[in-house]
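Work through the exercises below with the structure open. Each task is followed by a solution in steps.

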Amino acid sequence: MNVSRSTTEESAMTDPTTIATATATATTPSPSPSPSPITVPPFAVIPGAQVQHILQGRERQIVELVEDTYRLHAAGQSVNPPSYFLRFPDRPTARIIALPASIGGQARVDGIKWISSFPDNVQAGLPRASAVLILNDHDTGYPFACLESSIISATRTAAMAASAAHTLIRARGTRPRRIGFFGTGLIARYVHTFLTATGWSFDEIGVHDTSADSAAGFESYLRSTHDATTRITVHDSPEQLIRSGDLVVFATIAGRPHVPDPAWFDHNPLVLHVSLRDLAPEIILASTNIVDDVEHCLKADTSPHLAEQLTGNRDFLAGTLHDVMAGRAALPADRPVVFSPFGLGVLDLAIGKHVYDAVTDAGQLHVIDDFFHELRRYG
């Protein structure tokens, strides 16, 4: 049976008015959506309990976030100017550091971490470090959140160390079975947590600290998190600690080098030089050196900075952690490998924005009403 075109279809094919209307409909672009109005964002405060709740138990996810942020930084999608140190003539061991930064990618956020280090707090039973992180809106520049950031700072430091350990061991091809912790404060505990949560296990764990009480406290923590098959030893001397470990973590408050002898590293360990100022420049020069960012790390009298001052060049640097990730830096097995991370503000921003988004999604954001009050130019 033949099916003929409908009368309406035939009319549309022959009626010039219909043709014109159809053509206009087809060729006229739809109007662009109006841009969203620029408004002042609400301002929120996120206390430490909320920060910890979001981050705890998500170590693998945070390590991935840190690695993604390093890639953004290496691709030029960040602004990370030098950190600024506020020092005090009447309190020479204390300092407050400002770390401004801006990050692109999905986070698209600017901000600054303001972190203090007052070592004398420990004698009074207080944590050495305290910090806040301010997040600024990408479009208006207005601050939209203030987060307790000592937890964020410790988290990003530990995630950075865990990422480096995994990356450098993969490049080296040998996995350590003995680890030593030189310095036993909060950062050491966080580094240990991130290593074990991301798949590391050890037959032996060494501990050393200039404070016997701190060393004993860390030993007790370790025994509560490992079974009896893990040998845990508190070492009396730095040399004993270093020689006992295939992986050595420095997490001290040292302001200048206190580990003098390259011979202590003759067994070619992997060294996570988190505290940056522990190693004499001669040790740096005898090692394969990886940093997180060259310009940031070679300043403020870090051990690599002292090595640069001693030699007048940077030839002792093998590359950055991202260079190792990308296969551009080789790690020989016949020398110690030292990773010295200055710690980039973009990492704090990435983790802080992650926390903010998670708290917001959970409907638990504590907004301060009318925080920005004077918003009319002429009243």
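Is F372 buried, partly exposed or exposed? F372 has a relative accessibility of 21%. Buried means under 20% relative accessible area, exposed over 50%, and partly exposed in between, with a 1.4 Å probe and protein chains only. F372 therefore counts as partly exposed.

This is a predicted model, in which local features need pLDDT of at least 70 and side-chain atom pairs count only at pLDDT 80 or more, while totals for chains, interfaces and linings use all residues. Residues are numbered from 1 along each chain as its sequence is written, and side-chain values use heavy atoms, with hydrogens and water left out.

**Exercise 1. Describe the aromatic pairs around F372.**

Step 1. Take the rule: rings of Phe, Tyr and Trp (its six-membered ring) pair if their centres lie within 6.5 Å; planes under 30 degrees apart count as stacked, over 60 as edge-to-face and the rest as tilted. The count by this rule is 10 aromatic pairs.

Step 2. Apply it to F43 and F372: the centres are 6.0 Å apart and the planes stand at 85 degrees, an edge-to-face pair. F43 lies in strand β1 and F372 in the segment after β16 (367-368), 329 residues apart, so the pair links distant parts of the chain. Helices (H or I, at least four residues) and strands (E, at least two) are DSSP runs, numbered from the N terminus.

Step 3. Now take F371 and F372: with 5.0 Å between ring centres and 85 degrees between planes, this pair is also edge-to-face.

Step 4. Compare accessibility. F43, at 7%, counts as buried, and F371, at 44%, is partly exposed.

**Exercise 2. Find which side of helix α3 (residues 48-55) is buried.**

Step 1. List the buried residues: G48, Q50, V51, I54 and L55.

Step 2. Check their directions. They span an arc of only 165 degrees around the axis, which places them on the same side of α3; the arc is that of the directions from the helix axis to the C-beta atoms.

Step 3. Look at the other side of α3, where A49 and H53 are exposed.

Step 4. Name the cover: among the elements over the buried residues of α3 are β1 (43-46), α4 and α13 (345-361).

**Exercise 3. Describe how helix α4 (residues 59-74) meets helix α6 (residues 186-197).**

Step 1. The axes come within 9 Å and cross at roughly 100 degrees. Axes are lines fitted to C-alpha atoms, for helices over the stretch in contact, and angles run from 0 to 180 degrees between N-to-C directions.

Step 2. Classify the angle: under 35 degrees is roughly parallel, over 145 roughly antiparallel, 65 to 115 roughly perpendicular and the rest oblique. The two helices, α4 and α6, are therefore roughly perpendicular.

Step 3. Name the contact (heavy atoms within 4.5 Å): E59, R60, I62 and V63 of α4 meet T193, F194 and A197 of α6.

**Exercise 4. Where is R108, and what is its phi?**

Step 1. R108 sits in the loop between β4 (91-103) and β5 (109-117).

Step 2. R108 is not a glycine, yet its phi is positive, about 45 degrees.

Step 3. R108 is partly exposed, at 42% relative accessibility.
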